[in-house]
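The sequence and the structure are shown first.

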Amino acid sequence: MQKTIKSFIAILLAGSPVCLSAQSSVPVYLDETKPIEQRVEDALSRMTLEEKVAMCHAQSKFSSRGIPRLGIPDNWMSDGPHGIRAEVFWDEWDQAGWTNDSCTAFPALTCLAASWNPEMSALYGKSIGEEARYRNKNVLLGPGVNIYRTPLNGRNFEYMGEDPYLSSRMVIPYIQGVQSNGVAACVKHFALNNQETNRHTVNVNIDDRTLYEIYLPAFKAAVQEGKAWAIMGAYNKYKGQWCGQNQYLLNDILRGEWGFDGVVVSDWGGINNTRQAIYNGLDMEFGSWTDGLSEGTSDAYSNYYLATPFLKLLKSGEVKEEEVDKKVRNILRLVFRTTMNTKRPWGSFGTPEHGAAGRKIAEEGIVLLKNEQNLLPIDLTKAKKILVVGENAVKVMTIGGGSSSLKAKYEISPQEGIKQRIGNQAEVLFARGYAGEKSKAQDGLQVGQDLTDNRSEDELIAEACNLAKDADYVLFIGGLNKNDGQDSEGNDRSGLGLPYNQDKVIGALAKTNKNLVVINISGNAVAMPWVNEVPAIVQAWYLGSEAGHAIASILTGDVNPSGKLPFTFPVRLEDNGAHKLGDYPGKEEETYREGIFVGYRWIDKEKIKPLFSFGHGLSYTTFTYGKVTADKKEMTPEQTLSLRVKVKNTGNRKGAETVQLYIHDDKSSLPRPVKELKGFKKVFLEPGEEQEVVFTVDKKALSFFDPAKHDWIAEPGTFEAWVGASSTDIKSKITFKLNSL
Ligand code: BGC
């Protein structure tokens, strides 16, 4: 009886029209005390072929069908990864015009990665998961963990940087946080979607070692440690097959090697062939282009590769029912983990708590790149006049950029944040400095801001310089934006430089006022030909709803900056391996000739001086490092090595430092990077406080992927542990040996 009541509640919660009489026994699939696999088999046994096929493809832009007859709800997806996307019409990308779907915009994932703090990841995941849950989405289309291979990739802002270890550690808590709400995280874009230009046509040629060492680890961590319930196949091809229908990636690696038991979702419109979609590991097809009318089927979605064409093959016996069963099992698992989990929380949406979470993440992710003569923080006891220059001080940044575009409940611009913070302590003036192109509406959502300025470049510069002359501080807030060809999905940037003549504006301001701070807002590295003329530089990202507040708290020193770069800023594009050697942006074929030498691995190998290094980030206080010590000089592959290093805050402000551990292999049978990140720890220190950081080195940290053995191997020999404040600021080293067993 108790079970009957429980199952009845389950059905009610699932919004099903099914009615159970008080006497009816509880179907196994509704009994949450039963093992999930048993429930899956039971549900499957009750389904018709048509019902099974219906679950494998979209029924609208963002949903797929459940089985109302059985009380199995529809699946509802939402982008991701920075906030919950506004409702769109059933069959269009355009906004549906709801009035209750304005979300909290969280900082971009580059910012999260720059916090180097897994706790921020957990907070992010939990908060965005609550928003998704409240809006009744059971799949969040994010996070993204494609590796930062080129600074031109328009979508880097949605990812977690250039290093496989950093992105692996940071993606896990995000997933766990999202899924604690009974919402699946759908990790994307699996795999090798490292550029937007030609993303639908390009076939990536990559050697196995590079694939396993650089491009797969974050996905593997997401699946095996984060236990992601969903993954999205990328648009591009690998080994000649589109990634959403890819034998090697989906069947062999994801399911075969990693044991993934969640659902594989296609990217929207990423499926191009029925047979591959059937056999190569895809479960749910979304966003395919449809031609419902000429095919004469009941609705456009029936024309999906996994819809009528699939059903026909199943009915004719050409394809065995087992093929659809495999997919439906994965989908049922998703449903039981999410919508049919009666214990999942209710979620919350657009709350002050979520705003505060976004602000905290933003404040931890902003990176102080340069700060000569401690120009920052702004000294409000002395400043009388502060000049803010630049379009990004006022431009709406939550709208645009493609599928991660948001209808934010609010967005505090940098100018507004600075004004609010400074209040009447000083005069805050604004000059435009430059004018970019008009913001594009995204999916029918108008930016609602007209930044048209018809003055000439020279007039804009003259105005800014005039006001700058007697300002105590000049804050230039520029960078990129979410327009096409910048930080935006669908196409890449055309070069490393700043657009709209900003270099000239910055150059002119630097000549006019020596107290110039450049705040670069972007999701990508940019060239800074003026770097030596500007005393203070801050890397701010797309920071979401609380952008202005977070920037103001860093500039004024309310919060001590503690972000570190999750990717290298090269001086020139040619200082990046993909651009020096690769076939970028390859139309049909593209070979990753730089191999494992991505980001700082390339910089180290070629002995290039970067503009700003991977892992770099300053603070308003100072830290000193002790000598790193180890608990042993030699280890076997079965042992671990304990490394200890003391870090002290020697300044007079509290602050946080991210201590980084890199491993150097003295000699190996295959070429290895000079060093690789294998540990990091962010420590929060009061003035004068010292903490000991402990790292554990195991065999995994010493291994490389041997393509001949198709396995990770740790070769006996001498290694070095390098501990530092960035990839180029190594404070101390220690040598140890790995012996064979
Ligand atoms: C993007 C995905 C996104 C999907 C749905 C695609 O264009 O590549 O990341 O989740 O659209 O909006």
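Which residue of S13 is the bridge partner of Val-389? The partner is Phe-476. This is a predicted model, in which local features need pLDDT of at least 70 and side-chain atom pairs count only at pLDDT 80 or more, while totals for chains, interfaces and linings use all residues. Residues are numbered from 1 along each chain as its sequence is written, and side-chain values use heavy atoms, with hydrogens and water left out.

**The six-stranded sheet**

Helices (H or I, at least four residues) and strands (E, at least two) are DSSP runs numbered from the N terminus. Two strands are taken as paired if DSSP finds at least two bridges between them. On this basis, six strands build an open sheet of mixed pairing, in the order S10-S15-S14-S13-S11-S12. Strand S10 (367-371) and strand S12 (427-431) are the edge strands, each pairing on one side only. On average, neighbouring strands of this sheet are turned by 20° against each other, direction ignored; axes are lines fitted to C-alpha atoms, for helices over the stretch in contact, and angles run from 0 to 180 degrees between N-to-C directions.

Strand S11 (residues 385-389) runs parallel to S12 and is joined to it by five bridges; here Leu-387 stands opposite Leu-429 of S12. S11 also runs parallel to S13, with four bridges between them. S13 in turn is joined to S14 by six bridges, again in parallel, and the bridge partner of Phe-476 in S14 is Val-518.

A residue is called buried under 20% relative accessible area, exposed over 50%, and partly exposed in between (1.4 Å probe, protein chains only). Seven of the seven residues of S13 are buried, so this strand is largely enclosed by the rest of the structure. Both of its faces are covered: Tyr-473, Leu-475, Ile-477 and Gly-479 lie on one side, Val-474, Phe-476 and Gly-478 on the other, and all are buried.

Helix H15 (residues 414-422) lies across S11, S12, strand S13 (473-479) and strand S14 (516-521), and runs at about 165° to S12.

**Strand S21 and its partners**

Strand S21 (residues 655-665) is largely enclosed by the rest of the structure, because eleven of its eleven residues are buried. Gly-655, Glu-657, Val-659, Leu-661, Ile-663 and Asp-665 point one way from S21, while Ala-656, Thr-658, Gln-660, Tyr-662 and His-664 point the other way; all are buried. S21 is joined to strand S22 (residues 676-685) by nine bridges in the antiparallel sense, and Thr-658 has Lys-682 as its bridge partner in S22. With strand S26 (residues 717-724), S21 pairs over six bridges, also antiparallel; in S26, Ala-721 is the bridge partner of Ile-663.

**Helix H6**

The 16 residues of helix H6 (residues 164-179) should span 22 Å at 1.5 Å a residue, which agrees with the 22 Å between its end C-alpha atoms; the expected span is 1.5 Å times one less than the number of residues. Of its 16 residues, 13 are buried, and H6 is thus mostly covered. At the start of H6, a side-chain oxygen of Asp-163 comes to within 2.9 Å of the backbone nitrogen of Tyr-165.

**Two buried loop residues**

Asn-524 is placed in the loop between S14 and strand S15 (536-540). Its relative accessible area is 0%, and Asn-524 is therefore buried. The C-alpha atoms of Asn-524 and Arg-155 are separated by 8.8 Å, although these residues are 369 residues apart along the chain. Contact means heavy atoms within 4.5 Å. Not counting residues up to four places away in sequence, Asn-524 touches, among others, Thr-150, Leu-480, Asp-487, Arg-493 and Phe-569.

Thr-621 lies in the loop between helix H20 (600-606) and strand S17 (623-625), and counts as buried at 7% relative accessibility. Its contacts, with residues up to four places away in sequence not counted, include Asn-560, Gly-651 and Gly-655.

The table lists polar contacts of both residues; such a contact is a pair of N or O atoms within 3.5 Å, and within protein one must be able to donate a hydrogen and the other to accept it, while residues adjacent in sequence count only if both atoms are side-chain atoms.

| Side chain | Partner | Distance |
|---|---|---|
| Asn-524 | Tyr-148, side chain | 2.9 Å |
| Thr-621 | Asn-649, side chain | 2.6 Å |
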